[in-house]
Amino acid sequence: MLLRRTILAALFTATAVLTRGAMAADLPEAISTLLSTANIPQQAAGIVVMRGNQTLIDHNSSQSMQPASTMKLITTLAALEQLGPAFRARTELGTTADIDHGVLKGDLIVRGGADVDLNEDVLLHLLQALRNQGIRKIKGDVILDRQLFQPARPDLGQPPFDEFPWAYYNVIPDALLTHSNLLRVELRASASELSVVMLPELEQVSVKADLQLVDAPCASWEKDWRTPEVRRRGDQLTVILHGRYPRNCNRSTSLDVLDHHDFLARLLRAQWRKLGGSLSGEVREAEAAGLAPDSRLLAEHQSRSLPEVLRDVNKHSDNTLARTVYLMLGSLQADAALGSKPLPADDSVASTQMRADLAIRGWLQSQRISADGLVLENGSGLSRLERATPAQMAAVLQAGLRSPWMPEFLAALPIAGTDGTMRKRLKDSPATRRARIKTGTLNGITAIAGYVYDAANQPCVVVAFLNDEHVAGGAGRNVLDGLIEWVARSAP
């Protein structure tokens, strides 16, 4: 408490000096004090604060740094500008076969179009549309077409990002990702027994808990988990949970433990059977992209509009959604009638990831924003490779204020003390409900980027990247929150 009072006093004094007209080109004393208190070297900080065209703080602004999840701002604004607010991704069911007395006499093609809302309910409704057309039996195969992205399975062969490869934030998307490939597991423990339930229902998949019940706070339930195991016996898959779990504790979690093909194939079979349908053939992966020219559409689903998706990307810092939007930039274009359609093929670019990289760099060039020091890998910030400069991020935020889609962009940002990743931060502060801030956190990295209204109700662009091991334990967050408060108290 004493430390916070000291920091607030320093902020108030520094703000008063700034209000009287002093110009802060580099770090104000209050921010330097916050960094020193946190043992974070000044060279490990990159900070830019701007009010209109006036620069209030410019500290290491051209230094290429790890931005963590603030990188999502570059991806999402570029997507809004290039795809537009009416953009919607699609899932299609089609065939080249005839329907005869309730039998589809050939293959059913499930074409992925990066539909981020494709989940068990959507899939059930798509299959119900087949039943509504009288189809009760598929005589051929079900072909899963993920070919919109190249490679079609970006997840294959990728080393784990961290020690929790099964965690929801580590899901790598494909063009036909369903239910985010996540098994929802509900755990209920009494003093002596533990029950576990798995959702959604997948054909020949079950879950088993090999968890030792211990006396521990329920809040620490994930602390002693070990890597889940998947055992295969014939066609049967069993997911086994290992570790320890508190007595008298009810919790749920989501796990990415199944191969993408297994997950969708087994979900589709379970739901088709639930609807009274039968399948003679296999569920297999497509070898070429798209529906054949003579195919016809049997059912379709459109995702939510892009601004709605971007709210989930930025407010909740959803890595899988962000990575999907990034790959959309390298694979899709807006279509007034369909919502979206594939980009024309370009054999000169080796992968969808490379096309997305070029699309973002092209947009930056159109905004006259330098790409020097920018390194893109997946557009989400969940990366040890991605880099940006504070100056680049500030320029992107300024472009957001000029954009015709400025209201949609701002609406996607977390509001201080109110929602998203800023819900618990800066409560009872001058910045409460007056700052829209994207946060970013990785080991050794914490960052913010967004807009803060100052004491005169003028919007200020605020960017801060801290790349240092001492940001851990909340020390870096205290510096960033102090910076936001400093801006909120300042005035022209």
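Which residues are buried in H9? Before I answer, a word on what we are looking at: this is a predicted model, in which local features need pLDDT of at least 70 and side-chain atom pairs count only at pLDDT 80 or more, while totals for chains, interfaces and linings use all residues. Residues are numbered from 1 along each chain as its sequence is written, and side-chain values use heavy atoms, with hydrogens and water left out.

Now to the helix itself. Helices (H or I, at least four residues) and strands (E, at least two) are DSSP runs, numbered from the N terminus, and helix H9 covers residues 390-402. Its buried residues are Pro-390, Gln-392, Met-393, Ala-394, Ala-395, Val-396, Leu-397, Gln-398, Ala-399 and Gly-400, where buried means under 20% relative accessible area, exposed over 50%, and partly exposed in between, with a 1.4 Å probe and protein chains only. That makes ten of 13 residues, and H9 is mostly covered. The cover over these buried residues includes E1, helix H3 (71-83), H8, helix H10 (406-411), E21 and E22.

Several of those names belong to a sheet, to which I turn next. Five strands form an open sheet in the order E2-E1-E22-E21-E20, with antiparallel pairing; two strands pair if DSSP finds at least two bridges between them. Strand E2 (54-59) and strand E20 (435-442) stand at the edges with a single partner strand each, so one side of each has no neighbour in the sheet. Within the sheet, strand E21 (residues 445-453) is joined to strand E22 (residues 459-467) by nine bridges, and Val-452 stands opposite Cys-460 in E22. Helix H11 (residues 475-489) lies across strand E1 (45-51), E2, E20, E21 and E22, and runs at about 15° to E21; here axes are lines fitted to C-alpha atoms, for helices over the stretch in contact, and angles run from 0 to 180 degrees between N-to-C directions.

Thr-439 is buried, because its relative accessible area is 8%. Leaving aside residues up to four places away in sequence, Thr-439 touches Ser-69, Thr-70, Ser-317, Thr-421, Met-422, Arg-425 and Ala-447, contact meaning heavy atoms within 4.5 Å.

Ser-317, one of those contacts, leads us to helix H6, which Ser-317 follows with a positive phi near 50°. Why is H6 (residues 306-315) described as largely enclosed by the rest of the structure? The reason is that seven of its ten residues are buried, and these are Leu-306, Pro-307, Val-309, Leu-310, Val-313, Asn-314 and Lys-315. H3, H7, H10 and E20 are included in what covers them.

Finally, the largest pocket holds about 1,200 Å³ of space. Of the 47 residues that line this pocket, the closest to its centre are Tyr-168, Tyr-169, Ser-317, Asp-318 and Asn-319. Helix H7 (319-328) and E20 are the elements that give two or more residues to its lining. On a 1 Å grid over the protein atoms alone, a pocket is an open set of points with protein on both sides within 12 Å along at least five of seven lines, a 1.4 Å probe fits at a cavity's points but cannot get out, and lining residues have an atom within 4 Å of a point. Grid points are joined across faces, edges and corners, and a volume is the space filled by probe spheres set on the points.

Note on methods:
Expected span 1.5 Å × (residues − 1).
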